[in-house]
Every structure is written in structure tokens, then in C-alpha cells.
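Subject: Handover of a structure and summary of findings

Dear colleague,

Please find below the structure that I am handing over to you, together with its sequence. I would be grateful if you would read the notes that follow with the coordinates open.

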Amino acid sequence: MGKIRPTYLRCEYRVNPMGIDSTEPRLSWLLESIGQEERGQIQSAYRILVASSRENVEKDIGDLWDTGKVESNRTFQIAYSGKPLRSGMECWWKVMVWDKDGEPSDWSEPARWTMGLLDPSDWKAKWIGYDAPWEGFGTELPPLPFLRKEFSIEKGIKRAILYVSALGSCEVRLNGQRVGEDIFIPGWSYFRKRAYYRAYDVTDLLKVGRNAIGAILADEWYAGFCGGWGKRNAYGGEPRLLLQLSMDFQDGTEGVLVSDGTWKAKYGPILEADFYMGETYDARREMPGWDSPGFDDSDWEPVAVTDKVGIQLTSHPGEPVRKLMELRATSMHEPKPGVFVFDMGQNMVGWARIKVKGERGRRITLRFAEVLNPDGTIYRENLRRARCTDTYICKGEGEEIWEPGFTFRGFRYVEVTGYPGRPPLDAVTGVVVGSDVPIVGSFECSNPLVNRLLQNIIWSLRGNYLEVPTDCPQRDERQGWTGDAQIFARTASYLADISAFMTKWLIDLNDSQRDDGAYPDVAPFTGAGFGTPAWGDAGIIIPYILYLVYGDKRIIERYYERMARYIDYLVRNSRDLLRPDHGYGDWVPAGAETPKDVLATAYFAYVSKLMSEMAEAIGRKEDGDRYRDLFEKIKDAFNKAYVLPDGRIKGETQTCYVLALYLDLLPESLRPLALNHLVSDIERRNWHLSTGFVGTRMLLPVLSRFGRDDVAYRLFLQETYPSWLYPVKHGATTIWERWDSWREDRGFQDPGMNSFNHYAFGSVGEWIFSTVVGIDTDGPGFRRIRIHPHLDGLDFVRARYKSIAGEIGVEWRKRGDKLEVDLLIPINAKATVYLPAKGPEYVLEGGVRADLKEGIAFLRMEEGRAVYEIGSGSYSFVVEGY
Ligand code: BGC
């Protein structure tokens, strides 16, 4: 029997995805050891079997694809190439692997994917909605339509799949039950071009006899308030539903039920629902049984039918938005009589569930805020026009429990008014909502403030990875700002598996690309500009990150022409390869203005370089050379225009130096000079940073790379303003938009732009993982790993990172003059390990010179570090007198 086995089977980055539309989906798995773990373990071969039914896969019949034994250590990005995959097909698959000694494993547990509706003609459904007038509801916004249809099933069902899309979003119900746990389906797209759809297996919800299907339809991104421009209907007016239920009967026949003119509609208890504004629910208007068969819908009206919508339907390739967890309130206070403020203990995103016993018609109002005024009331000015208010009207039937489902916002505090008497602490529960991206990174160290900082980064990720990577979750904005997204993406990739999430967002970003090649400021596009330096550049940077972190070349191929068009756009819109002075520059810095042309030209060079690497990765050698050449020319132009012989750079801000050093824009001889200017500026500010969104990501990486860990750690551990730990010291539980979102001497920043949940400055997470912990990929996809911890300012660090190639662990600890380093390297991988040591004789494992131990090869000494190569397994190094 082999010593390894495959686990965590995924298709297109997801576990058992439904309704995918890739006809060559990529498969992956992780490997784990059986019994005693062995060093240097590898997968020497694999066999994948794909079957059209569970029975076949269980009988080892790969009627769709049987790779046979393939000699290869690959475990991801393996493209299906069996029989053609067609709409609605069900594919069951499993894998077996051979270990380094050529011994096979058992088959893995079977996994599944199903195919979506691949051809537009597969859709028989019509777009339906309900546009009846709603005057008299006493609300500002329209009520939510409830749609329903009853139908009969005469014979036994073998399998039923529900495909659903919407202009807007919906909740689908079958025979009284919610279909799936996903929220805001089908998700946010650039609706002018495309709507997503999702698929659900509903076999168990159907029955022979009468059935009822229902849907609640909401405006959401499509027709609600969306974008900071104070308007509704970003993409269209009336929301619509498109739904198709495909049934395979046990007798081999098929049936289909679709949304069409035979459905009926009515407004129900949800009087209004909007992302920014909130939800109003009148429980007196509930319609018990509306989603079950036998309900009397004689007073319901016919639905509106839209014949042609004319946009593309695409299977949603990302994780759905879901309820991620619940938080209990940690305290409650009453700043004014009858006004109760609950503290959730954490700035979170989602909504609140309430529990109340009130008489019929009583209105309970919930208002939300991230922070408090000094008098204990909630501070709402920074929400701008977002009302962020939910209202519940009691039906008066004992204890009532309610939570909304068609709104969300960022908040830590919930203000409750209208409650009968003094509410108990458990009257309010925080429901955390976000895209369900798998968390893959963990970190802990000897400094509690740093540990909290990391938690804050994770909470800002969780709060802003909601369908698209957003800037903030609370004010009337919440857009897919491209600059914020690219700045934070690499950090995010250490904490969460962002492969599927970003694969989806890249569709939105490319749908929003302008014809001239310019990428937008926000995607899906709702407004704002195009081709903005460091913002539009996300169109190149995000695919590059997916390539780097997940070894994803298909994403490069998919968008290659579009990315090339963007580079052409930049060339056309530059003068002598200098990109003009426009855009947002180094957004919200701490007292230093970086010239926009310097930043813009540096980023022009950056994306040209990434483009050359990506061209090469997909075998376009000539293009690769061409883009490298472009990079070199931009670099020359940059030096001529902005760099003085003494290494000073126009603007002389920290960001200027950091950009030039990080992006290799300077000739070798000027680098030490530029570094000195950078460090002097930091010193002049009494060891504080001055960078904004753009410079911050690169600041500590540059200092570490050029040998100034001392300065990097000094900035990192700085507790006075401006610094990462200043907000932490003052109770922040998420990353703030501004270094001075709040200051002890000045209070809150300008409410016009002051979010307490903006992840951009959390981009320091990348340095924490890659440099403090010291885990980085060496080439695409973590098949080769670089372990290079920088130890300066902490006593111990413990981190794990579940990469696409397997889980990596690093733990280092200083003990007197000894340094202990424990490593975990995944099966198949090779790691180059850099340990600070006077020589290999100072590095031990189990009391023996490490390089005499099995599986540890000493390579060389390099810059005061002993360099080793190791394979998979666990290692415990001790460096003496390091
Ligand atoms: C957003 C930012 C965004 C910026 C562009 C702001 O309103 O919140 O995070 O990148 O606009 O300047």
C-alpha cells in the first residue's frame, strides 16, 4: 500500500461545483501521508477517473475519462480532456496516486461536478418580474415582489437541478423550503453585458404530486442604490428572475419547469430592501404557505414578462455569499432613554437578527454604525447617504425572531429603538455575511498588537470580499475599486483561497473594460474613471497574482488579448513613455504628496514587466521580449525624467523611492543612494511612514529586500501615528481607510470619506507572510517554496499557509542564543530554506549537524545565511549562536 493519498478534490477551484460552464475544467487535489510521514515524499503518478454516474464511478468505470496511470507529480491545473461535456451532465470523479516508491493509494472519495446550460438555446425560461404600483406602502423604495407557481409531478424523480439567474437578486423557495444557503444570488455582474446563474440540486425538495416554487426578487446591485453617485438603477429598472428546473425522471424521461407568464405575483411583507438603505419588514403582511402547494393565490396577479434581455448568461465561477458566522453582543448601553446600543465587539459585515415580544404593529428600528460618539450614541456621519436602517413591524404573536436577507452593511454597533422595555443582551445577534472564500492562512507571534492587526486584516478581508472585492462595506459606495483590490490581493491570497473569487471578478473587470483597452476604476462598472494608474492596472496585476499563487496559466490565456490592448492603451496615452499626471496618486497618504506622473510611470513599467512574464509563461516568447523591452524603455524614460544623479527622485517621498526600488527601476549604482533617501525620510519623521495606498504595499518589502529589516520592523512595530499599530492600540477591530480615521488629538477624520473598514493598508499582510514568517512561492504555484524568515523584531512566530500545492508551516522561536525553526513542507514540494547562521556547523537537527540528516541538503552560505534544500516533511532546526 502507498504512503500517500489524495484529499480535497476540487474542480475549477471549488468543491463539488454545480452548473459550471468550462468544458475543460481543471481538477486538483491535495496529498496527505498515511501513517508515519516520510521526508521527501512525492507523488510519482496519478490516475483520474471521471464517470457519468455515481454507480459508474463506484464501479471504477471511467466512461467519460480515464487517464490511466500518468507518471507525473502534478496535483493541480490538470485539465479534463475526456469525452465532450454537454449541458446538464453530471460528472463523478476520483483519483488515485502513487507514492515515491511507486506504491498506489486507494481511490479517493468520489467528488462531483455538474455542467451548466452551455448553449443559450438551453434556456427555455422567460425573464419575469412584477412592476405593480406601490403607492400607499408608506416607504421610499419599492416593495419586494413574491413570485410563485404550482406544478404537478407524476412520476418518481431521479435528479432535479434548478438553474437560476436574475437581474437583481433572489431567494428561491421550493415546497416551503429555501433552496440552498447562498445569499444575493446570482451575484453582481456588469449587467449590461452579462448575468450570472447558479445551479442547485433540488432532487430532495421535490415530491410526486403537487409542488410549489416561489421566489422573492430584490433590486440589489442591478436596480437598487449602487455606487457613490446617489442614484438607483445602475444597470436597469425593474428586477427580473430567470429560472429553469430540469427534472430527470426515474423512467428515463425528462421534464422542465420554467419561469414564464403563467407565474403569479404579489407584494409581501418586505416593504423595501436595499443594500445601502436597509430593509423594512411588516410581519403583519406575511403570507404563510405562499411557497407551498395548496396556497390560495386567487388575489395574486400575473407576472410581467420581458421577452428579450439580450445579455450573456454565465455560470457563476466564484464562491457564493453566505452567512459565515454569528456574533453575540458583548455589551449594551442606553445613551438616551429608550435608545439601546448593542456592541458586537467586532466591526463586522452583514446584519442583525432580533428577538422581540411586542404588540401587533409595534415598530422596532435598528440603526447601524461602526463607531460611537463620545456620548455613547452611534456615529453615522461617515455613512454618508447610506441610511443603514432596518425596521421590523411586529405581528404580535408571542416571541418573534427576524433577520433581513436582502441588505447588508458594515457595523459594530446596533442601535435599537422602539423595543418594548429594556432588551436583553441576546435580543440582538450579529450575522456575518460575505463571500465564502476558504481561509487558508493563520498567524500568531509574540506581539499581541501584531496578532490583533492580523485579525483586523482578516476581518477587513471578510467584510470586503463580498461578491466582488470592495473598498468598504458601510457608506453609500461598496464598489469593486480596482486599485484597492490589486493592492490587497496578494495579502488576501495568504489568508484566503481567492482563486475562484478572483476568477469571477476578472470577468466583471474585463466586461467593464472600455473599447480602447482602458480598465475601469470600479468593476463591475457603475461610474468613475478608466485607465487610472494603479487602479486600471489591476487588469494586469490580478491575473499575474493568480498565475503566481495558483500556477493558473489559463487566466493569462483567457485575457491575454485584452491585457495586451491595455498595454497598447498605456503606450498610446503616454508621452515619451511617461504616463501623464492624473488619477488618484498615492491615495490617502500620511502627509506626503507623491507626484502622480512618477507613480503612474512606475506602474506603467510594472505592468509591462508583469506582462512580459505572463507572455513567456504561455509560450509567447517574442511578446515576452517585446514587453521586457518596453519595460526597459520606460525605465530609461523614468530615470531621465525623474531621477537625479544623487539618487533623489522627483517628489522625494517615501513612495517615490519605494516604487523605484520595488520595481527595479533604478540602475544598480543608484539603489543604495535611493535607499538612503528613503531611510532618511523615515528617520526625519521620527521613524514613521508617510505612504498612501500605493506606497504602503511596497514599503516594508523594499526595506527588507535591501537589508534594512531594522527599519522595516521599526515601522511595523511603531505604535504612534501614523502606523499600523496606532489604530490597534486605539481599539480598531478592522483596518481603517486612513491612517488618521480617528486621532486622539483630533477625533474623527472628515466624514465625507472615513471608513473604518478598508483593507488597503492591510496590504502589510503580504510582508508579514512572505518576510516575517518567510513563506513565498519560488516560481508559480508553490511547487517550489522559499522559506526565508526575517527575525528582527519578534521573539516567535507561528504560521500556516495552505497553498494550492499543500500546507506549509513555519514556526520560529528565539531561545537565548539559539534559534529554533520548525518547518512543514507539503508532499511533492521542494523548499529552499535560508537560516541565519555563521555556518552549516551551527545548524543542528536532533542534536546532529542538519546537513547530515536524511532529506536535508546544504547548498551554500549566502549573505549570512545557511541555505538548504529540503523536500516534504517536518523539520526542526536549531541554529546555535545565530
Ligand atoms: C474609495 C477608495 C478608492 C478611491 C479612489 C474612494 O472613495 O473608497 O478606496 O480607491 O475612492 O480614489
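The notes below go from the whole protein to selected elements and residues.

**Overall picture**

Please bear in mind that this is a predicted model. The protein contains 15 helices and 48 strands. Its radius of gyration is 28 Å, close to the 29 Å that the globule rule gives for 882 residues, so the protein is as compact as a globular protein of that length. The C-alpha trace spans about 85 × 70 × 55 Å along the principal axes.

Of the 882 residues, 64% count as buried. Among contacts between residues at least 6 apart in sequence, 74% join residues at least 24 apart.

R784 stands opposite K830 in strand 43.

Is strand 10 enclosed by the rest of the structure, or open to the outside? Of the 11 residues of strand 10 (residues 157-167), 10 are buried, so the strand is largely enclosed by the rest of the structure.

Strand 10 pairs in the antiparallel sense with strand 15 (residues 240-249), over 10 bridges. L162 has L245 in strand 15 as its bridge partner. Strand 10 is also joined to strand 13 by 5 bridges, and these two strands run antiparallel. Here S165 has Y197 in strand 13 as its bridge partner.

**G187**

G187 is found in the loop between strand 12 (177-178) and strand 13 (194-201). With a relative accessible area of 1%, G187 is buried. Leaving aside residues up to four places away in sequence, G187 touches W221, H316 and E467. G187 and V773 are 586 residues apart in sequence, and their C-alpha atoms are 36 Å apart in space.

**Helix 13**

Helix 13 (residues 709-716) is mostly covered, with 6 of its 8 residues buried. The buried residues are D709, V711, A712, Y713, L715 and F716. Their cover includes helix 3 (448-464), helix 11 (671-684), helix 12 (693-705), helix 14 (725-729), helix 15 (764-773) and strand 41 (806-815).

Two of these buried residues, Y713 and F716, also belong to a cluster that ring pairs form with F693, W724, W739, F761 and W767.

**Aromatic pairs**

How many aromatic pairs does a search of the whole structure find? The search finds 57 of them. Two are described here.

The rings of W290 and W300 have their centres 6.4 Å apart and their planes at 15°; planes under 30 degrees apart count as stacked, so this pair is stacked. Both residues lie in the loop between strand 19 (278-282) and strand 20 (301-302), 10 residues apart. W290 is buried, with a relative accessible area of 8%, and W300 also counts as buried, at 5% relative accessibility.

In the second pair, the ring centres of W481 and Y584 are 5.8 Å apart and the planes stand at 80°, so the pair is edge-to-face. W481 lies in the loop between strand 35 (468-469) and helix 4 (482-495), while Y584 lies in the loop between helix 7 (554-572) and helix 8 (596-617), so the pair ties together parts that are 103 residues apart in sequence. W481 is buried, with a relative accessible area of 11%. Y584, at 26% relative accessibility, counts as partly exposed, because buried means under 20% relative accessible area and exposed means over 50%.

Yours sincerely

Notes: Residues numbered from 1 in each chain as written. Predicted model: local features only at pLDDT ≥ 70, side-chain atom pairs only at ≥ 80, totals over all residues. Heavy atoms only, no water. Pairing = 2+ DSSP bridges. Helix = DSSP H or I, 4+ residues; strand = E, 2+ residues; numbered from the N terminus. Rg over C-alpha atoms; globule rule 2.2 N^0.38 Å. Buried < 20%, exposed > 50% of the residue type's maximum accessible area, 1.4 Å probe, protein only. Contact = heavy atoms within 4.5 Å. Phe/Tyr/Trp six-rings, centres within 6.5 Å; stacked < 30°, edge-to-face > 60°.
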